[in-house]
Amino acid sequence: MIVKISTLFECSVEQFWQEILKPDSLQYASYPIMTFRPLDGVNLSETWKVGQVYKVKLVFLNLIPLGEHAIKLKEINRETNTIVSNESGRLAPVWNHTIRFNQAFVNMIEYEDEIEIQAGWRTVFIWLFANWFYRHRQNRWKKRLKELGYGADI
């Protein structure tokens, strides 16, 4: 099943690239619903790297462990403003995430999350969760961008 959620962010494409490449932005955007605890010496303080596999422990509401999750960055493309990751974990063997964004207006980008989910009989339940979770993440992104002062001259 596929989840597609889009919104507008108040920032430029260049400003968004500065933030999206930081793994701590994943932590910020996902909190408090989901936190990612690094495993096997994974360093989430550097910038994302294509080909790197980031193994993390998923924790729901900072209390309930959901098992291991692997994030493999397949593409970071500044020409098409696209980031693609192939992910997998105990609950969802396939969680492929594509991020797309483009300048929509001055200091405004159109942003989209597309997630392919394959989890057997759990797929529909995880699909419902993903719809809620990615709306939360996009709202958290808006908050972060505002805190950073992006889009202030709109």
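Mentor: One cut-off before we start: buried means under 20% relative accessible area, exposed means over 50%, and partly exposed is in between. Keep in mind that this is a predicted model.
Trainee: Got it. So is Glu46 buried, exposed or partly exposed?
Mentor: Glu46 has 38% relative accessibility, so it counts as partly exposed.
Trainee: And which residue does Glu46 pair with?
Mentor: Its salt-bridge partner is Lys49, with the closest N and O atoms 2.9 Å apart. Lys49 is partly exposed as well, at a relative accessible area of 38%.
Trainee: Nice. How many salt bridges are there?
Mentor: The count comes to 7 salt bridges. Another one of them joins the side chains of Glu114 and Lys4, at 3.5 Å from N to O.
Trainee: What does that pair tie together?
Mentor: Glu114 sits in strand β7 (residues 108-118) and Lys4 in strand β1 (residues 2-9), so the bridge connects parts 110 residues apart in sequence.
Trainee: Are those two buried or exposed?
Mentor: Glu114 is buried, at 18% relative accessible area, whereas Lys4 is exposed at 53%.
Trainee: Switching topic: what about Glu19, which residue does it meet?
Mentor: Glu19 meets Arg144 in a salt bridge, 3.9 Å from N to O. That pair links helix α1 (residues 13-20), which holds Glu19, with helix α3 (residues 123-147), which holds Arg144; the two residues are 125 apart.
Trainee: Buried or exposed, those two?
Mentor: Glu19 is buried, with a relative accessible area of 3%, and Arg144 is buried too, at 13%.

Notes:
Residues numbered from 1 in each chain as written. Predicted model: local features only at pLDDT ≥ 70, side-chain atom pairs only at ≥ 80, totals over all residues. Heavy atoms only, no water. Salt bridge = Lys/Arg side-chain N within 4 Å of Asp/Glu carboxyl O. Helix = DSSP H or I, 4+ residues; strand = E, 2+ residues; numbered from the N terminus. Buried < 20%, exposed > 50% of the residue type's maximum accessible area, 1.4 Å probe, protein only.
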